[in-house]
Amino acid sequence: MQLVVARIGRAHGIKGEVTVEVRTDEPELRLGPGAVLATDPAARGPLTIETGRVHSGRLLLRFAGVSDRTGAEALRNTLLIAEVDPEELPEDEDEFYDHQLMDLDVVTTDGTEVGRITEISHLPSQDLFIVERPDGSEVMIPFVESIVTEIDLEEQRAVIDPPPGLIDDRAEIASSRDAESAPEGDSQGDAQSDSQGDAQDASEGGSTAVRDARSEGDA
């Protein structure tokens with residue numbers, strides 16, 4: 001199975017180094033010297049990592065055959081892809097590879113259906129589940145322990161305990177707006193009705209992984 005483990009960023013210096021957006025919880029394994037990675041676009045690879053080091057909190061890599069800034073810039077925005085055994089699991093039981101999390105059903109702690117995980121976004125600060133709701137809209141769920149309380153791979157579901165506004169903010173806004181504009185006497189009933197209807201559509205733009213796990217890149 002092929003999983004994205006990093007995305008190449010800007011060139012660093014003049015000797016062929018590039019910054020890398022890591023998308024794996026195991027960079028020492030996936031992005032170590034000697035690793036051979038496929039690429040997207042495929043024509044830019046495969047790439048063999050020659051050296052790696054951390055500078056100002058960011059991973060810098062240099063690839064075999066890339067020795068100057070021009071060559072490094074030509075690789076910008078390339079995705080690095082590792083071949084991973086589909087049976088392989090992260091060492092930490094609280095971590096998951098992206099392919100394990102994709103398509104999980106998302107429900108709240110009281111059993112309310114939220115949607116299905118269709119994508120995992122890896123940001124510098126945290127990972128996000130991109131969840132498609134039954135009506136086709138999307139909501140972003142931070143993949144943090146305080147919100148994602150359980151990942152049950154056997155039942156193929158993720159259980160969340162969302163704070164107020166995470167999945168129903170648009171309903172609250174719509175309810176408030178409609179209450180203000182409704183004729184006197186009808187505002188309470190209309191607002192309540194609109195809130196209930198809009199709550200089915202509500203989503204907020206706002207997880208890891210491609211990460212291997214919670215912060216995992218793609219592998």
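Predicted model: local features only at pLDDT ≥ 70, side-chain atom pairs only at ≥ 80, totals over all residues.
**View B. The salt bridge between D103 and R116.** The N to O distance in this pair is 2.5 Å. D103 is in the loop between α3 (98-101) and β7 (105-108), whereas R116 is in strand β8 (residues 113-122), so the bridge ties together parts 13 residues apart in sequence. D103 is partly exposed at 43% relative accessibility, and R116 is partly exposed at 31%.

**View C. The salt bridge between E17 and R53.** The closest N and O atoms of this pair are 2.8 Å apart. E17 lies in strand β2 (residues 17-22) and R53 in strand β4 (residues 47-55), so parts 36 residues apart in sequence are tied together. E17 counts as buried because its relative accessibility is 8%, under the 20% limit. R53, at 38%, is partly exposed.

**View D. The aromatic pair F129 and F143.** The whole structure holds 1 aromatic pair. The ring centres of F129 and F143 are 4.4 Å apart and the planes meet at 35°, so the pair is tilted. F129 is in strand β9, and F143 is in the loop between β10 (138-142) and β11 (148-152), 14 residues apart. Both residues are buried.

**View E. A patch of negative charge on the surface.** The patch gathers E119, E132, D135 and E138. E132 is located in strand β9 (residues 127-132) and is partly exposed, with 33% relative accessibility.

Definitions and conventions: Residues numbered from 1 in each chain as written. Heavy atoms only, no water. Patch = residues over 30% accessible without salt bridge, like charges linked within 9 Å, V, L, I, M, F, W, Y side chains within 5 Å. Areas by Shrake-Rupley, 256 points an atom, 1.4 Å probe, with all protein chains shown as cover. Salt bridge = Lys/Arg side-chain N within 4 Å of Asp/Glu carboxyl O. Lys, Arg positive; Asp, Glu negative; His and termini not counted. Charge placed at Lys NZ, Arg CZ, Asp CG, Glu CD. Helix = DSSP H or I, 4+ residues; strand = E, 2+ residues; numbered from the N terminus. Buried < 20%, exposed > 50% of the residue type's maximum accessible area, 1.4 Å probe, protein only. Phe/Tyr/Trp six-rings, centres within 6.5 Å; stacked < 30°, edge-to-face > 60°.
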